[in-house]
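Me: I have a model open and would like to talk through the terms used to describe it. Could you take me through them one by one?

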Amino acid sequence: MAVTDFFAGEIAFELLKKLLIISRRACLCKASAEQLAQAIQNLLPIIKEIMHSGVELPPQRQRQLDTISRRLLSASELADKVQQSGRWNVYRNLRYARKMEKIEKEISQFVNGPMQCHILADIHHTRFEISEMAERFDRIDHRLRGMKIGGVTDDVRKMDLDEHEMYESNYVNFGIEMKVAMRKVKEMILLRNDITVSGICGMPGCGKTTLARELRKEDEVKSSFNEILFLTVSQSPKVEELKSRIWTSIHGGPANARSQWNQISEFSIVNNKRVLVILDDVWSESVLQQLISCRNIPGCKFLVVSRIKFSQLFIDATYELKLLNQDESMSLFCHFAFGQTSIPLGTNQKLVKQVVDECKGLPLALKVIGSSLRDQPELIWTNAKNKLSRCQSIGESHENQLLERMKLSIDYLDFKVQECFMDLSCFPEDMRIPLDVFVNISIELHDIDKEEAFAILLELSNKNLITLVEETRSGESYSSYYDIFITQHDVLRDLAIHLTNKKDVNERKRLLMARRETELPNEWRRMKDEPFRARIVSLQTCEMKEHEWFNMDFPEAEVLILDLSSSDEYFLPPFIHNMPKLKSLIVINHGRKNTTINNLSVFTNMNNLRSLWFEKISIPKLLPPFEKLQKLSLILCNINNSLHHPNLFPNLSDLTIDHCNDFTELPITVCHLQRLESLSITNCHGLRELPSNLGRLGCSLRILRLYACASLKELPAGMGDLKRLEYVDISECVKVKSLPDDIGGMVRLEKIEMRQCPQIWNVPESAAALESLRRVICDEEISWMWRDLQNALPNLFVQVVQERFDLDWLLED
């Protein structure tokens, strides 16, 4: 079917080739442009048929098909532009002609080159699959001949045992994801000559080792290598012993001297031996580097299995193993809990599904928890479900086999990285944690700067202990950390909570409610007469009234996280008075609408507060001053003119306002914040104007972000006084008509982002004085004006925004 699919693709590509030859003339003739547009419309059903044929293509081919689709869209867009462009605009028409020529060249090169190889490869795979199927039928026939009536031969016993062992060990491979993973890894090892070191990575317990073990049993893999060597490296490896075993496998004899390791390539060439070395449970790049130092030997390939995603300096290509979906999770769990692949009749299906949901698709959790509940009465199941929902261990088996096994991943981290990982457990389950929030906490608790905090999160991400979800424009020097989110698998969060709760409640570094409850835990109430030593306090509550709190003493608390679910009012905990060291307060509301905060008197004692995050809150009228507050973030809030009071935040250095619909104007009081370094106003569609004296921030402001403020019509003329400004973003400010005439006064400006600003058609002459400017990101229509300045600004790089296309339109009727 893959062959048929690609021949259909060949027809489509031939049509494209003809279309794009026409398009080369389209820039000089509107009639040709109209023909091109009509031809593209005729081609869409063919592309749609290819995309939805039901055939799963390899990733490389799928990417190529997607690229062709995008090129087709580009050609269509260009045809429209040509029809709208006047004949007199010679410069623009020439640019369009060059673009069409470039697209035609790319398509032609693909049709005449790689695509022919793909067709041959499909024919080869089809032949191989037919041959492999014939071999399997021969093996089955051989086993059937060994059967005897009235008894079972040794061959059949062995067959049953093999199948049982395969079922036990390979059951994690059941399902689409594992089948896809097996195929992708085999492609890397067998079909890619440019890949000598392949990798499998994923979070602890996701089935990496099982996949590698099953891979070496595959007939296709076994027939491709003379020997397959499986080595477990572990955290404390004996490197010389491992190197000796690799040497012996490749050379065929014992390694008597270390110098022979350097001669290994010579022996391999003579022997012409093909060896696959599987290195399981690799923890260190330095160890990996030593073990794959003979990677360039002909015929020798490596497969590295690790929780860490190693750099491409060491591994040519890596497959990241995903978690199981709902159906696969249920089948795996039922195998270990009931000995079958579905829930037995008469069993409490709702209860089983609740337990399975708590495992979140992690194979190891499904196996351990399913096995521990096998043959247990329903009350034990209910108790296990309740404990899992509270992030508690359900028994010795669960604690030893799952949590302690996963704890190895944490023990191997540096101390500060461990602490940051543990801090993540203080946020609610399944929450997308804004990176900005977490960076603020890390700065306050661990005496690190934001760059080190970001580096720690990258390390945790590379070790598959967290997931970073980020926009494509994030991660640069001036990007908002609010564009990046952190997610963590619930089992890893349970692990952190399990480790935290090993200490007595009053001695824990982190005191948290693992799930949202209607009242504080009874354990806390019983110990309230003694001080709590926690540095982080995290509460998940519903609407709380004054009488529902009780007094607690937190002499060491530096961070308070209030995660609430309230659509009306919320009474702040009175024990905030007893947090003299509080530096960071995060209040996040998950209710249906913004909530109003009561008990504002607690703010009067926040003398050390340096970071304040409000999300989905109706901001009260705050009483000044917040003397030490440096960072204020208002997300999805009703601001209610709360920023108009003068001298409210005398030392504020970072102000972020995002998705605040009632925010219509930036109060003049903000221009009096003489220490303000970063001002970020994003997605505030009601913002109409900025104060004319914004230039008063010229001695401090470094970052100005006005992203997606759709009602903003102009930038104030005084912006030229922002002498320290290094970065400005006005992207998607669709009504802004021009840049400030005095933009040349921003002598330190390094980067401008102005994507999708359709009404800006010129660049002020004073921009030629921006000697520090090194990068402008803009739309194509204005890019040539910036390029005209490159003679005056030789270090300037103009980056044209790549329009983002998707193929959703192919699904439309």
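Reply: Gladly! Let's start with contact, which means heavy atoms within 4.5 Å. This is a predicted model, where local features need pLDDT of at least 70 and side-chain atom pairs count only at pLDDT 80 or more, while totals for chains, interfaces and linings use all residues. Residues are numbered from 1 along each chain as its sequence is written, and side-chain values use heavy atoms, with hydrogens and water left out.

Me: Which residues is Met754 in contact with, leaving aside its neighbours within four places in sequence?

Reply: Ile730, Ser731, Leu739, Ile760, Ile777, Cys778, Asp779, Ile782 and Trp786 are in contact with Met754 once those neighbours are set aside.

Me: What makes a set of residues a nonpolar core?

Reply: The members are buried Ala, Val, Leu, Ile, Met, Phe, Trp, Tyr and Cys residues joined through side-chain atoms within 4.5 Å. Buried means under 20% relative accessible area, exposed means over 50%, and partly exposed lies in between (1.4 Å probe, protein chains only). The largest core has 97 residues, of which Phe614, Ile730, Met754 and Trp786 touch the most other members. A second, separate core of 88 residues includes Cys359, Phe421, Leu460 and Ala496.

Me: Why is the pair Lys631 and Asp436 called a salt bridge?

Reply: A salt bridge needs a side-chain nitrogen of Lys or Arg within 4 Å of a carboxyl oxygen of Asp or Glu. Lys631 lies in strand β17 and Asp436 in helix α19, so the pair ties together parts 195 residues apart in sequence. Here helices (H or I, at least four residues) and strands (E, at least two) are DSSP runs, numbered from the N terminus. Both Lys631 and Asp436 are buried.

Me: How do you know whether Lys581 and Glu556 are buried or partly exposed?

Reply: Lys581 has a relative accessible area of 39% and Glu556 one of 27%. Both values fall between the two cut-offs, so both residues count as partly exposed. They also form a salt bridge, with the closest N and O atoms 3.1 Å apart.

Me: Why do β6 and β7 count as edges of their sheet?

Reply: The open sheet has 3 strands in the order β6-β8-β7, with antiparallel pairing. β6 and β7 each have a single partner strand, so one side of each is left without a neighbour in the sheet.

Me: What makes β7 and β8 a pair?

Reply: Two strands pair if DSSP finds at least two bridges between them. β7 and β8 pair over 4 bridges, so they meet that requirement. Val469 stands opposite Phe485 in β8.
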